[in-house]
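Good morning, everyone. Please have the structure open on your screens as we proceed.

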Amino acid sequence: MKKKVIGVTMAPAARQYGNAYAGHVFFGSQGLGRQINPVVQLDHVSPAQPSTTGGTTEAQALRGCEIVTLVTRGSVQARDSAGHQVTLQKGDVQWLTVGSGLLRQEIVQGDEPLELTHVLVNLPAQYKMTPPHNQHLESAAIPEVTLPEGAGTLRVIAGEYEGKLGPAETVGPLQLWSIDLRKGHSANLNLPMSWYAVALVLDGRLEANYWPHPITERQLVVIDRVGDEVLLTAWEDTRLILVSAEPLEEAVTGEEGLVLNSPEELAQTRLDLEAGQFGTL
């Protein structure tokens, strides 16, 4: 049974991140993130937006979540107040379990235009105060599957596809795939029943299941939880990122990278931040 596309979102106006780059926040924990929890935020930096070599983002405070950074063009260094520092090249992924809290910053490397995507994944209440943990997934370690009938390729970052397991260790069941579709080809992708999914089209043009309009670059596709497969057909060569996760049936109270379960926990987090408990950069 095919899942229905329940909405397609245009890229919102870009916002500036320090002097590093501008990016589009497609949704956060106060909007769509409540519905598709544990995927509570997604933002994207397009190569069409200017980025500054050596430019830095503001220090972002994070607690109670994981932040996943996928670099698809260019290079960026990520560092945080827990002592992690990695340089992410094209195809690399950082999977940072924030847990109890830290400050994080990115620094643009090299002269190539930057393209990256951040996905915030909510942690269950029992793991929100776990110590921070970093996974640096280099491009060569991410398995790539050839899709049937030469439709393209699929990189398994987290979860599983056709027996290939992604290298990311996740707290809950989750699929995160990077997909390249060839013009004129279709891919029928199996996704678990009862899981929502979102697909971010990086570039190209495609159609999906019952959606009546073409879906183009920098558009976000929201896919219903009912059904167990989604059919994508590329009208042009198309790149996209698809993420789907087992629903987390817990209350969400958050702002930006602070993802808690109640207003009281959020208020305490603000006090902890002011008291310097998130460390320094």
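Predicted model: local features only at pLDDT ≥ 70, side-chain atom pairs only at ≥ 80, totals over all residues.

The space within the largest pocket comes to about 330 Å³.

Which strands supply at least two residues each to the lining of the largest pocket? They are β2 (15-17), β3 (21-27), β4 (39-45), β5 (60-62), β10 (102-109) and β11 (115-122). The greatest contribution to this lining comes from β10, which provides three residues.

Nine of the residues lining the largest pocket are nonpolar, six are polar and seven are charged.

I now turn to the second largest pocket. Its volume is about 260 Å³. Here 17 residues form the lining, and T72, R155, S178, D180 and R239 are the ones that lie nearest the centre. Please locate these five on your screens before we continue.

Where does the lining of the second largest pocket come from? At least two residues each are supplied by β6 (65-73), β14 (152-158) and β17 (174-181). Of the contributors to this lining, β6 gives the most, with four residues.

Finally, how do the residues lining the second largest pocket divide into nonpolar, polar and charged? There are five nonpolar, five polar and seven charged residues.

Thank you for your attention.

Note on methods: Residues numbered from 1 in each chain as written. Heavy atoms only, no water. 1 Å grid on protein atoms, 1.4 Å probe; cavity = no way out; pocket = protein on both sides within 12 Å on 5 of 7 lines; lining within 4 Å. Points joined across faces, edges and corners; volume = space filled by probe spheres on them. Nonpolar A, V, L, I, M, F, W, Y, C, P; charged D, E, K, R; others polar.
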